[in-house]
Amino acid sequence: MKEKQIELIVQKVMEQLQAKFPSENRVDPVDKGLIFTERDWETSIPKPAFQEGAADLTASTPARIGVWRTGTRPLTKTMLKLQFDHAAAIDAVGGEVLENYLQEFELFTVETCYENKEVYLKRPDKGRVLTDAAVQTIKERCQHRPQAQIVVSDGLSASAVETNLKDVYPALLDSLKLSNLTCGTPFFVKGGRVACMDHIGEILEPEVLVLLIGERPGLVSASSMSAYMCYRPRKGIVESDRNVISNIHPLGTPPVEAGAHIGTVLQKMLEQKTSGVKLEL
Amino acid sequence: MSTVVIKSVGIDIGTSTSKFMMSELTLGRVSSNFSLPQFDIIQRKVTYVSEIISTPLKNEEEIDLPLLVSWLEKEYQQVGLTLSDIKSGAVIITGETAIKKNADALIHYLAERSGDFVVAIAGASLEAVLAGKGSGAARHSQSSRAAIANIDIGGGTANVVVFQQGKVLETITFHVGGRLIEMNSLGEVLTVSPSLKPWLFFKKFQVEKGMRLSLPKLVEITSALCGDLLDVLAGGKSISSLECLVHSTSCPALPRIHEVMVSGGVGRLAVEEPPATLEDVAKFNDIGPLLASELMKAVKRYHFTVVEAAQTSSATVIGAGTQTTKLSGATILIQPELLPLRNVPVVKAALTEMDFEEQIEQVFLKGKEWFEGNDHLPFAIGLGGTLYLSYVKLKEVADIIGELYAMNFPLAEVLAVVCENDMAKALGQALRLQTNYQVICIDQIGIEHGDYIDIGAPLNDELVPVVVKTLAFS
């Protein structure tokens with residue numbers, strides 16, 4: 001069958017269905033309470049022997065403890081929630097940050113040599129190098145040798161950028177303003193890994209660079225962001241030369257507070273002319 | 001900064017005795033290197049506890065200030081302390097001393113001359129909590145499922161705090177103390193405290209100055225006193241039925257209590273031999289020893305398990321010296337030249353989605369009414385609520401606060417904000433950029449409407465010691 005024919009059949013079926021069930025009778029999921037909130041997912045120990053103690057333990061961690069069981073297995077609800085969170089994590093890795101979202105922050109986009117998501121996951125090294133076109137673009141569009149360079153990247157979670165950038169980024173800009181630091185031309189790197197900072201450092205030679213990048217999603221949060229910071233990033237930088245504030249999301253490190261604090265860390269890097277484990281915070 | 005050790009003092013001016021203590025508080029980073037910095041007091045070490053002295057009184061209504069000051073100076077000399085060494089601490093005035101004529105002036109005078117950030121605190125509820133932390137009851141409750149009541153009985157009051165899992169549940173204070181009836185070894189009553197008289201009248205006990213009381217009569221009175229106190233704690237009698245004995249309480253009915261600990265001067269006497277003669281009773285010219293032995297006798301009649309206190313007479317002073325200072329969050333915005341700030345009243349608003357502007361306006365109006373006088377900094381604004389703040393919302397909040405503050409307090413120069421949630425640095429920078437005020441914005445401090453706050457000089461770039469005083473002076 002040809003594609004056109006299938007489309008026609010589908011269209012016909014849909015029309016018939018709509019005639020059968022007029023739209024007024026359709027169930028609105030919100031009215032029916034079919035939208036699940038965090039509270040709806042909650043399960044608990046039915047009759048804990050020590051209520052306060054159990055509550056203290058469950059309050060101390062976002063991990064799935066004290067969720068109860070049926071026989072020797074978890075409750076169906078717990079299993080569904082686990083699958084739900086797992087799916088969200090996979091989506092976050094596979095997703096892409098929408099272009100118009102980035103335009104809101106006046107960020108233009110360049111790419112690393114990652115090619116596509118599949119290669120990106122298998123070949124971390126490719127996410128550390130910008131394409132020749134990207135090098136050309138940032139050479140043309142960015143201020144050379146700025147005091148502070150901001151770079152945003154999707155990394156392993158596009159939803160991290162979409163969830164947190166609107167709070168982290170303006171707070172960061174304000175903190176730079178308050179610390180009297182000047183900022184170069186910020187941009188977005190698609191398919192970036194943390195060490196793409198080094199390549200960018202070679203090209204633009206900023207004094208300090210901060211990379212806001214999506215973290216590997218977990219089952220607690222799929223939209224967690226990290227801010228990696230480095231003094232004079234360049235080839236040969238090792239992990240211990242970078243500082244990081246991790247777990248930035250609405251239920252973790254507060255995004256606005258993290259943004260405000262990045263400015264202070266950058267200022268200390270400039271004062272002490274170093275970063276990483278040598279930096280005294 | 002990995003760890004910092006600060007010296008903290010405690011001074012307890014009680015109804016019958018006064019004590020001084022010194023401690024070292026170790027501050028350390030408690031968050032990982034991948035998170036925002038977070039500091040806490042990780043160790044509290046008591047390094048010195050003074051001899052217990054009788055609180056010097058000029059007469060029945062006034063404390064002898066010069067004597068007290070010279071005693072304190074001697075203590076400082078003895079431990080080799082200079083005022084600039086002391087980075088925190090508290091002077092607490094407890095029991096009946098707090099109602100003496102010059103109590104207020106005295107405690108502030110002492111606080112200001114005891115070190116950089118030594119604060120004046122008072123209030124029966126606070127006293128109870130500090131005593132319960134100093135005695136070891138709070139720590140005991142962390143490793144036990146039971147609710148434990150710490151009964152701290154001094155000369156003038158019995159301060160009770162109930163802890164469970166290290167958390168304060170409730171506090172209650174009774175007019176029960178060793179010095180409420182003073183007497184000599186012949187059983188002759190020297191004075192009866194006015195605060196005990198309503199209960200004596202209620203129980204139809206005849207006790208007047210100059211009367212002679214026999215040992216059995218004294219036993220009867222003290223036994224009834226302990227019985228009523230324990231009845232209230234055990235739930236046998238309601239708080240309202242014994243209003244004449246209750247000084248103040250945080251709740252109309254107490255939670256179920258499983259264990260008790262006794263501290264304070266009377267707590268110390270409780271572990272000694274019970275007095276056998278009138279002479280034994282009147283060892284300190286008051287009913288203290290008898291009250292102690294009767295309490296220990298009476299408590300056996302209840303379901304309570306008695307847990308031995310780690311500290312008895314020094315519980316309150318140790319609590320005051322080691323437990324009053326809290327630390328702010330470590331991402332805050334301050335202008336160090338404005339600190340320390342003392343006795344700043346607090347008005348509180350909750351961050352909500354809807355009517356935040358209205359709320360701020362209302363609390364500002366209230367604040368204007370209550371705290372007139374200090375034009376430079378009329379009060380600190382406490383911000384509670386669990387609302388997640390986006391940066392847009394945060395800037396809005398900063399605008400609202402800035403505009404209404406300017407409108408209501410045209411002479412103010414400093415804007416102080418105390419947030420419950422971790423947001424002070426972001427809010428502080430928004431306030432700095434959007435208003436013309438000098439800004440102190442700190443966080444992770446729980447605070448209520450009507451509290452008073454002291455904010456100390458910074459311990460590093462972004463960390464300040466804070467004392468919240470729930471009950472301030474009238």
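Colleague: What covers the buried residues of α11(B)?
Modeller: This is a predicted model, in which local features need pLDDT of at least 70, side-chain atom pairs count only at pLDDT 80 or more, and totals for chains, interfaces and linings use all residues. Residues are numbered from 1 along each chain as its sequence is written, while chains are lettered from A and ligands numbered from 1 in the order in which they are written. As for the cover over the buried residues of α11(B), it includes β18 (341–350) and α12 (391–408) of chain B; helices (H or I, at least four residues) and strands (E, at least two) are DSSP runs, numbered from the N terminus.

Colleague: Which residues of α11(B) are buried?
Modeller: They are B:Phe356, B:Ile360, B:Val363, B:Phe364 and B:Gly367, where buried stands for 20 or more other C-beta atoms within 10 Å of the residue's own, exposed for 12 or fewer, and partly exposed for in between, with C-beta atoms placed from the backbone. Because they cover an arc of only 105° around the axis, they sit on the same side of α11(B), the arc being that of the directions from the helix axis to the C-beta atoms.

Colleague: And which exposed residues are on the face turned away from that buried side?
Modeller: That face of α11(B) carries B:Glu358 and B:Glu369.

Colleague: Switching to the chain contacts, how many residues of chain A are in contact with chain B?
Modeller: There are 26 residues of chain A in contact with 21 residues of chain B, contact being C-beta atoms, placed from the backbone, that lie within 7 Å. The largest share of the chain A side, eight residues, comes from α8(A).

Colleague: What does the UniProt "binding site" annotation cover?
Modeller: According to the unreviewed UniProt entry, that annotation covers A:Val194 and A:Glu215, though such annotations may be inferred rather than shown by experiment. Although spread over 22 residues of sequence, the two cluster in space, with a largest C-alpha distance of 9.9 Å.

Colleague: Is A:Glu215 buried or exposed?
Modeller: A:Glu215 is buried, because 22 other C-beta atoms lie within 10 Å, and A:Glu215 is found in the loop between β6 (208–214) and β7 (225–231) of chain A. A:Val194, by comparison, counts as partly exposed, with 19 C-beta neighbours inside 10 Å.

Colleague: Which residues is A:Val194 in contact with?
Modeller: Leaving aside neighbours within four places in sequence, A:Val194 is in contact with A:Leu211, A:Ile213 and A:Tyr228.

Technical notes. Two residues are in contact if their C-beta atoms, placed from the backbone, lie within 7 Å.
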